Amino acid sequence: MSASASAITVEGLGKRFGAVQAVDDVSFAVEPGEIFGFMGHNGAGKTTTLRMLLGLTQPTSGRAAVLGHDIVRATLEVRRVAGYLPASYALPPDMTAREFLQYVAAMFAIPPATARARGDALLRRFGLEDAADRKLRGFSTGMTQKVGLAQALINEPRVLLLDEPTAGLDPLGRHELLEHLRELAQQGVTIVFSSHILSDVETLCRRVAAMHHAKLIACGEIAALRREHGAATMDELYLTLVRRQAS
Amino acid sequence: MTRLLWLDYLAGLRERKTWIAAAMLVYAVLVIPLLLADPPPHVREAIAAWFADADPFAVFMFVWIDLVMNKVATFVPVILASGVVLRERDTGVLAVLAAKPLTLSRYFVVRTVSACAVMLTLYVGAQLLAALWFPGRVAGFRPGTFLAAMSLHAFAVLFATAFAATVSVAVGRRGAGALVALMLLGLMVGLALVGFYQPEWYEMTLVNPLTLGALSMRDLAHLGASTLLPPMLALAGLTAVTIALGSRVVRKVEV
């Protein structure tokens with residue numbers, strides 16, 4: 001696939017924090033409308049890679065682009081077309097869900113009437129209309145995650161970067177979230193789904209990238225990777241890739 | 001950015017700390033005339049020594065500006081503004097907001113201007129309440145002069161709010177930042193009226209923004225545009241420079 005046709009292109013991206021190489025020479029591409037899995041253990045470099053894509057951390061080597069916008073030179077353009085749900089975050093406790101979505105919409109300079117309509121539609125979509133005017137401090141983990149996803153969608157992003165979005169969710173919450181992500185992909189949204197819950201990655205994604213100790217150790221279609229490495233399950237595939245890397 | 005500022009201002013008004021600050025101000029307005037009605041002997045002696053010939057309203061204004069509102073200018077801005085950006089970082093809210101198409105510098109400006117607007121709302125509300133409550137309770141009270149003098153002091157309070165926000169992000173930690181801002185504002189307030197006690201130091205004290213805010217004390221009988229506008233403009237300029245400085249310093253904050 002040519003670089004210009006990809007929604008996300010990453011070429012030799014690296015990040016060093018002092019003596020620690022957090023991301024080392026990572027390259028991959030994500031096609032438009034694809035749900036791309038990004039798997040690896042905690043600390044493998046997935047979060048740092050996503051943060052670099054949004055300009056929250058500056059790369060020390062390589063380059064990347066989101067929908068053709070360079071992540072260093074056009075950071076604000078990238079953020080305008082992208083939605084992001086971090087792995088670890090909180091919502092402002094004194095705001096209601098509706099107020100928070102309006103607040104985030106204002107950061108995108110979305111007109112108030114449009115922002116209200118989009119906010120209400122997202123709250124309905126995630127089944128939060130009854131809790132829309134409740135303070136966020138009383139929200140459960142699942143409700144918080146839904147508001148987190150709603151804020152990532154308020155700008156109708158064409159690219160969605162999700163960092164461990166199913167962590168902490170109960171089975172029903174996970175199922176609902178994965179369903180929402182499938183719907184979004186069907187609508188043409190490109191999704192990068194970063195997780196160490198491999199069953200979620202397998203359920204949702206056709207292609208994956210696997211990271212281990214800052215390096216990309218595999219990238220391709222899940223089915224092809226499993227065939228190539230003789231792995232019956234995702235867990236087996238990941239362990240095989242990691243062991244091969246270690247040896 | 002105007003819409004974001006408005007929403008941030010509304011959110012700021014609803015915060016618990018804002019209501020605590022409002023309660024402090026209302027308490028001050030309601031209680032000071034009662035306390036001054038029968039001050040302790042040592043306070044009466046001090047007032048007599050400093051203002052033997054002054055009209056009772058001038059004495060009251062000295063107490064109101066220096067002993068009450070300057071203390072408000074030390075504490076309330078720190079309460080309202082010292083957590084700007086840092087609180088969002090510490091709680092994890094910034095992890096979400098920093099990924100939006102707004103630089104951290106601009107976000108700091110929005111949060112600080114919004115804190116200034118909340119401060120101004122509380123301050124104006126308190127002075128208007130005072131203008132209604134003081135007549136009849138304060139000897140020789142002149143509402144027009146009172147409001148003119150306090151409108152200048154409001155600019156000093158706005159400066160203090162911007163200053164608290166900037167010092168906090170410069171320090172980089174919420175608790176330590178609030179303490180440093182409190183200490184520096186306390187120092188400025190402590191030195192604000194030195195020029196009144198030591199006239200030969202007067203010009204030197206004009207570098208202190210809190211002195212500029214209390215300049216109306218020099219001649220309460222002749223307050224007008226020519227006496228109020230220059231210090232107001234100077235304070236507005238200092239506030240703008242302080243916010244600009246903070247918007248540069250905040251870039252070092254790790255998201």
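Predicted model: local features only at pLDDT ≥ 70, side-chain atom pairs only at ≥ 80, totals over all residues.
View 1. The UniProt record (unreviewed entry) places the feature "transmembrane region" at residues 20–37, 57–86, 107–134, 146–171, 178–197 and 228–250 of chain B. UniProt positions follow the numbering used here, with feature names shortened, and annotations may be inferred rather than shown by experiment. Residues 107–134 of chain B are 96% helix and 0% strand. The end C-alpha atoms of that span are 40 Å apart. Helices (H or I, at least four residues) and strands (E, at least two) are DSSP runs, numbered from the N terminus.

Residues are numbered from 1 along each chain as its sequence is written, and chains are lettered from A and ligands numbered from 1 in the order in which they are written. Local features need pLDDT of at least 70, side-chain atom pairs count only at pLDDT 80 or more, totals for chains, interfaces and linings use all residues, and side-chain values use heavy atoms, with hydrogens and water left out.

**View 2. Helix α2 (residues 16–37) of chain B crosses α7(B) at roughly 20 degrees.** Their axes come within 10 Å. Axes are lines fitted to C-alpha atoms, for helices over the stretch in contact, and angles run from 0 to 180 degrees between N-to-C directions. The two helices are therefore roughly parallel to each other (angles under 35 degrees; over 145 is roughly antiparallel, 65 to 115 roughly perpendicular and the rest oblique). The crossing is right-handed: the near helix is turned clockwise from the far one by less than a right angle. Residues in contact (heavy atoms within 4.5 Å) include B:Leu25, B:Val29 and B:Pro33 in α2(B), and B:Leu122, B:Ala126 and B:Trp133 in α7(B). By class, this contact has 14 nonpolar, 1 polar and no charged residues. Ala, Val, Leu, Ile, Met, Phe, Trp, Tyr, Cys and Pro count as nonpolar, Asp, Glu, Lys and Arg as charged, and the others, Gly among them, as polar.

**View 3. Helix α4 (residues 56–81) of chain B packs against helix α8 (residues 143–171) of chain B at about 25 degrees.** Their axes are 9 Å apart. That angle makes α4(B) roughly parallel to α8(B). The crossing is right-handed. Among the contact residues are B:Phe57, B:Met61 and B:Ile65 of α4(B), with B:Phe146, B:Met150 and B:His153 of α8(B). The contact has 16 nonpolar, 4 polar and no charged residues.

**View 4. α4(B) also packs on helix α7 (residues 104–133) of chain B, at about 150 degrees.** The axes are 10 Å apart. Here α4(B) is roughly antiparallel to α7(B). The crossing is right-handed. The contact includes B:Trp64, B:Val72 and B:Leu80 of α4(B), and B:Val118, B:Met119 and B:Tyr123 of α7(B). Its residues divide into 13 nonpolar, 1 polar and no charged.

**View 5. In chain A, strands β9 (residues 207–212) and β10 (residues 215–221) run antiparallel, joined by 6 bridges.** Strands pair if DSSP finds at least two bridges between them. A:His212 stands opposite A:Lys215 in β10(A). The hairpin has 2 residues between the strands, and A:His213 takes a positive phi near 50 degrees. The UniProt annotation "domain: ABC transporter" (unreviewed entry) covers residues 8–238 of chain A. Over those residues the chain is 39% helix and 27% strand.
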